[in-house]
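Work through the exercises below with the model open beside you. Try each task before reading its solution.

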Amino acid sequence: MSSAETPAPRKRPVQARSAITVDAILTAAAHILEGEGMEGYTTNAIAARAGVSIGSLYQYFPNKEAITAALVLADAERLYEGLQAASDGSAGAPFLARLEALLDVVIAHQMERPVLARMIDMEERRLAHDPALQAVHEAGFALVRQELQDSGLSLPFGLEASTVDVFAIVLGICDTAGERGETDGDGLKARIRHAVLSYLGLRPS
């Protein structure tokens, strides 16, 4: 895209009816991406699948890139909310138990709809910068950094660099699994767990 930032929705839904319409549009867009890929992914097709007029769609989204950006953002927010809930739910547990809880969220997110996850990953790389999405990523990074800081481990390259590396290990293996169309969640979790623990100097069990 030539613009510096991803196009934003025209307006935010403030009433329940508007929220339902936007949700229907995003749900339809996700199903089309998942089932047909980019070839069938048009604003007309999305509106038809959502059961709304094309005019109603354009009230909220200026183009399909804005719809895609909203999908990517919603996906990232859902993952972060899951991670935060897992972190809160495992408060006070040993580091390995907290790591397991976080990985469970990541794997479940990846395996719930693997085709859609792959498409969203691809589109996120294609789209221009989105400040809202960046803020969610930064919140996720801060969560992982806090987990490592609280772990009491002697980190291999300091807190900041180790957080970057752990983040990259998890996302990289997940992204590759998505590109390969993997569906074995247990195997994926075992590989990520092994890679993270090995990086942190812990013995994978």
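This is a predicted model: local features need pLDDT of at least 70, side-chain atom pairs count only at pLDDT 80 or more; totals for chains, interfaces and linings use all residues.

**Exercise 1.** Find how far apart E123 and R126 lie in helix α6, counted in helical turns.

*Solution.* Start with the spacing. E123 and R126 are three residues apart in α6, so about one helical turn separates them. Next, recall the geometry of a helix. An α-helix has 3.6 residues a turn, so residues three or four places apart point the same way. Now look at the side chains. E123 and R126 form a salt bridge, with 2.6 Å between the closest N and O atoms. Then check the surroundings. Buried means under 20% relative accessible area. E123 has 4%, so E123 counts as buried. R126 has 35% and is partly exposed. Among the elements of the chain, α6 has the lowest mean pLDDT, 83, while helix α2 (residues 43-50) has the highest, 96. For the chain as a whole the mean pLDDT is 89, and 92% of the residues reach 70 or more.

**Exercise 2.** Determine which parts of the chain the salt bridge between E34 and R113 links.

*Solution.* First, confirm the bridge. The side chains of E34 and R113 meet at 2.6 Å, N to O. Second, place each partner. E34 sits in helix α1 (residues 16-36), and R113 in the loop between α5 (95-112) and α6 (114-126). The two are 79 residues apart, so the pair links distant parts of the chain. E34 has 26% relative accessibility and counts as partly exposed. R113 also counts as partly exposed, at 26%.

**Exercise 3.** List the buried residues of α9 and work out how they are arranged around the helix axis.

*Solution.* Begin with the helix itself. Helix α9 covers residues 185-199, 15 residues in total. From first C-alpha to last it reaches 21 Å, close to the 21 Å expected at 1.5 Å a residue. Now list the buried residues: G185, L188, K189, I192, R193, V196, L197 and Y199. Look down the axis of α9. These buried residues fall within an arc of 155 degrees, so they line one face of the helix. Then ask what that set packs against. The buried residues of α9 pack against α5 and α8 (159-180). Last, inspect both ends. At the start of α9, a side-chain oxygen of D184 comes to within 3.3 Å of the backbone nitrogen of D186. Just after α9, G201 takes a positive phi of about 80 degrees.

**Exercise 4.** Say whether each partner in the salt bridge of E182 and R191 is buried or partly exposed.

*Solution.* Take the bridge first. The closest N and O atoms of E182 and R191 are 3.1 Å apart. E182 has a relative accessible area of 15%, so E182 is buried. R191 has 39% and is partly exposed.

**Exercise 5.** Locate P62 and find the separation between its C-alpha atom and that of S151.

*Solution.* P62 lies in the loop between α3 (54-60) and α4 (64-89). At 25% relative accessibility, P62 counts as partly exposed. Then read off the separation. P62 and S151 are 89 residues apart along the chain, and 45 Å separates their C-alpha atoms.

Terms used:
Residues are numbered from 1 along each chain as its sequence is written. Side-chain values use heavy atoms; hydrogens and water are left out. Helices (H or I, at least four residues) and strands (E, at least two) are DSSP runs, numbered from the N terminus. Buried means under 20% relative accessible area, exposed over 50%, partly exposed in between (1.4 Å probe, protein chains only). A salt bridge is a side-chain nitrogen of Lys or Arg within 4 Å of a carboxyl oxygen of Asp or Glu. The expected span of a helix is 1.5 Å times one less than its number of residues. The arc is that of the directions from the helix axis to the C-beta atoms. Contact means heavy atoms within 4.5 Å. A polar contact is a pair of N or O atoms within 3.5 Å; within protein, one must be able to donate a hydrogen and the other to accept it, and residues adjacent in sequence count only if both atoms are side-chain atoms. pLDDT is the predictor's confidence in each residue, from 0 to 100.
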